[in-house]
Amino acid sequence: KMVQVFRGTGFPIQIRARPGTIEVEFPTTRTEGTDEQYEDRERLAAANAVRRVLEARSIAVIGASRDPTTIGGRLLRNLITQPFTGVVYPVNPTSAAVQGIVAYRDVKEIRGEVELAFVVVPASHVLDVVRECGEKGVKAIVVISAGFGETGEEGRALQQELVDMCRTTGMRMIGPNCMGVINTDPEFMLNGTFAQAYP
């Protein structure tokens with residue numbers, strides 16, 4: 001596998017097999033070929049990151065509310081009243097059910113896979129929630145919560161911690177302090193926003 005990694009760099013490589021080892025030799029000066037490889041990898045990574053969000057088949061709404069007029073309530077309502085083709089898991093530590101759906105105390109309690117998590121909790125709880133998402137193996141998160149870079153120095157420091165945590169766990173992130181995401185492809189029909197679309 002490592003030889004494949006070296007081949008994928010775009011550098012011209014020389015491989016020699018020795019007893020018990022493989023030697024790989026290559027120059028480290030960037031060339032047109034290596035630049036093209038970098039650009040291709042960057043495009044592929046960006047496309048895969050978007051797919052993790054827009055083509056998720058299992059979603060957790062952390063901070064889902066029984067009150068459909070709140071942000072967490074509207075977001076959940078939009079997801080379940082649109083013809084979303086996947087599974088939605090409400091997460092609320094104080095409610096056994098949210099808007100008629102069985103709820104979970106935290107994301108790690110969900111038995112199935114969670115590909116995407118919407119985070120709608122106070123900023124002071126976001127890092128704990130995102131850490132749990134990383135432990136669960138969530139692939140991407142959309143942080144709706146506000147109270148980060150837009151609030152000043154302390155918020156910017158908190159936002160940097162959030163970014164660092166996502167990088168460490170390999171999760172892709174949209175946000176924080178965003179409206180959510182929408183995918184109108186009939187195969188997914190994902191309305192992950194808190195826009196007041198329904199009474």
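Lining the largest pocket are I62, G63, A64, V91, N92, P93, R105, D106, V107, V121, V129 and E132. Keep in mind as you look around that this is a predicted model. The volume of this largest pocket comes to about 160 Å³, and its lining divides into seven nonpolar, two polar and three charged residues.

Let's turn to the packing. I62, one of the pocket-lining residues, is also among the residues with the most contacts inside the largest nonpolar core, together with C133 and I141. Helix 4 (123-136), helix 5 (153-169) and strands 3 (58-62), 4 (87-91), 7 (116-119) and 8 (140-143) each give that core at least two residues. Helix 4 provides the largest share, six residues.

| Core | Size | Residues, among them |
|---|---|---|
| Largest nonpolar core | 24 residues | I62, C133, I141 |

In soluble globular proteins, nonpolar side chains tend to be buried together.

Which residues does C133 touch, leaving aside those up to four places away in sequence? They are I62, V107, A117, V138, I141 and M171. Of these, I62 and V107 also line the largest pocket.

Is A96 buried or exposed? A96 counts as exposed because its relative accessibility is 66%, and the cut-off for exposed is over 50%. Not counting residues up to four places away in sequence, A96 still touches I101, V102 and A103.

Notes
Residues are numbered from 1 along each chain as its sequence is written. This is a predicted model: local features need pLDDT of at least 70, side-chain atom pairs count only at pLDDT 80 or more; totals for chains, interfaces and linings use all residues. Side-chain values use heavy atoms; hydrogens and water are left out. A nonpolar core is a set of buried Ala, Val, Leu, Ile, Met, Phe, Trp, Tyr and Cys residues joined through side-chain atoms within 4.5 Å. Buried means under 20% relative accessible area, exposed over 50%, partly exposed in between (1.4 Å probe, protein chains only). Helices (H or I, at least four residues) and strands (E, at least two) are DSSP runs, numbered from the N terminus. Contact means heavy atoms within 4.5 Å. On a 1 Å grid over the protein atoms alone, a cavity is a set of points where a 1.4 Å probe fits but cannot get out, and a pocket is an open set with protein on both sides within 12 Å along at least five of seven lines; lining residues have an atom within 4 Å of a point. Grid points are joined across faces, edges and corners, and a volume is the space filled by probe spheres set on the points. Ala, Val, Leu, Ile, Met, Phe, Trp, Tyr, Cys and Pro count as nonpolar, Asp, Glu, Lys and Arg as charged, and the others, Gly among them, as polar.
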